[in-house]
Amino acid sequence: MASPELASHHSEPSDGEGAPFLPGVDDESPESLNSDIPFQKHSNHGLIIKLFVIYLAIGMGGPMIQSPLTRIVESIACRNYWNAHDPSQLPGPEQISEGMCKIPEVQREVTTIIGYREFFNAFLTSTFALPYGLLADRYGRKLAIRLASVGFVFNSVLSFAPIWLPNIFPLRTMWFGAVGWVLGGGPVLLFALFWSMIADATADSERDTVILRFGIATVSAGFLANVTSSFVMKFDSRVPLMTGCGLLFAGLLVANLLPETLRKKSPETTILADTSISLTSLFFRIKKTIWSYRFICYNYPVAVILPAFFVTQLAGGSAFLVQYISIRFHRTIADATLLVALQHAFTIPVLFFILPQISERLRAYISRLQSDLLLARISVMLLALGLFGIGLSSSINTLIPSLLLHAGGAGFVLIARGLITGLARREETARLYTLIEATQSIGEVTASLYITNSLNWGLGRGGLWIGLPWLIVSFLLALIALVLGILRLPPRSENAPSGSTH
């Protein structure tokens, strides 16, 4: 993946209008940082280990929640449907059979509830990431993380109340859980902070390896979470749900122990900040922050690659894929979860062995950025072909190869992140990562609405139409592959030998 070589583009001061939204701490000397652990030119392994633990906990907790939540929502929606239409079909107080829940009427309700829950979550996290990012710039990262942790608590309570008390709260009231993201900004801000800290704490020579290891850890954790969830769900769906919540909050607990990395403000700056509280001042601050992202306009390769982070999100998460497999191929949600887990298992050798080996051999002949660009082209094509097969598959025998083909392109987002990092200046890294997280979050907002409505439309028609959401995304990914195919790197990046630092 890309090294931090600088592309030739418009320069801007780091302390003027181009000041970063979530500034990289390496813009100043270690003495000027208000940090519990000072950053140096070498990697800060203590901070990296803490961030690794956070990603491992969140990487297991999130996937472990998704499938049990879908199954519990399906069970409650199914019972409500049969209560209203034919109560004699109900088995009694015990859990209702999944076979009774695969009818279009129930599945449309499940898709609507899960889809709009994802929409409201993604929309509010995207909306409040910017103001809480400004708060993090002024008052520190620790305060932002603590507020976000409280927001997670509110989100969990409001989201899960309809599950534990279905006779009191209708299922759709879980949409109000998104209100929790009003406090703290939610996952978008957290991950922007985490990725900025990773970049700040990692030496240039080790950044590629660290980013890859974080990706491998996330995928491995997701695989273990899905396998565990699939097995335990056969007995009780609430156990993996609560275990996943516990892991998420354990990750947040470690996040609250991270060191402060905000730059110290001079007394004059502090006085000015405290007195400038008018609406006009606030407007100019926001305008200045938005204007600081203008470096994208002067960096053509970065501007071209950035939309790829949006398109990759349109395929939706594992929750939609699990539901699709369960409906299309008449499988239980636990079995569908296991199939998705097998897909995750295949991504581990892709990320850990195949991509590094190919990248190492390519760099013997071409520059690091050229190598990343070539791998990005191949990976996005595999994603497109995999999704095309998933959308068209009519049996498990054709679905499994398509899942594996899609897994072969799993490194695309990591490769693109490394590539785009190498094309930006180091002082732009924090803003760039914030922009990437925001772009992905907007993609999640769009994906939740897009998949919810297109899948419901397909359910009403049946057959191949159910796979329409993934067919359309495969076409968009093919367009991204075409754009990357004609993209040419700046001369300085293209001609630089691997490992150079120009």
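Start by selecting Arg 71 and Glu 98: they form a salt bridge, with the closest N and O atoms 3.6 Å apart. A salt bridge here is a side-chain nitrogen of Lys or Arg within 4 Å of a carboxyl oxygen of Asp or Glu. This pair ties together distant parts of the chain, 27 residues apart: Arg 71 sits in helix H1, and Glu 98 in the loop between H1 and helix H2 (104–139). Helices are DSSP runs (H or I, at least four residues), numbered from the N terminus. Both Arg 71 and Glu 98 are buried, where buried means under 20% relative accessible area, exposed over 50% and partly exposed in between (1.4 Å probe, protein chains only).

A word on the model: it is predicted, so local features need pLDDT of at least 70 and side-chain atom pairs count only at pLDDT 80 or more, while totals for chains, interfaces and linings use all residues. Residues are numbered from 1 along each chain as its sequence is written, and side-chain values use heavy atoms, leaving out hydrogens and water.

Glu 74 is buried at 1% relative accessibility, and Arg 71 at 4%.

Next, jump to Arg 117 and Glu 118, whose side chains meet in a salt bridge (3.6 Å, N to O). Which of them is partly exposed? Glu 118, at 31%; Arg 117 is buried at 11%. Finally, select Arg 71, Glu 74, Glu 98 and Lys 102 together: salt bridges with shared partners join them into one network. The salt-bridge count comes to eight.

Terms used: Helices (H or I, at least four residues) and strands (E, at least two) are DSSP runs, numbered from the N terminus.
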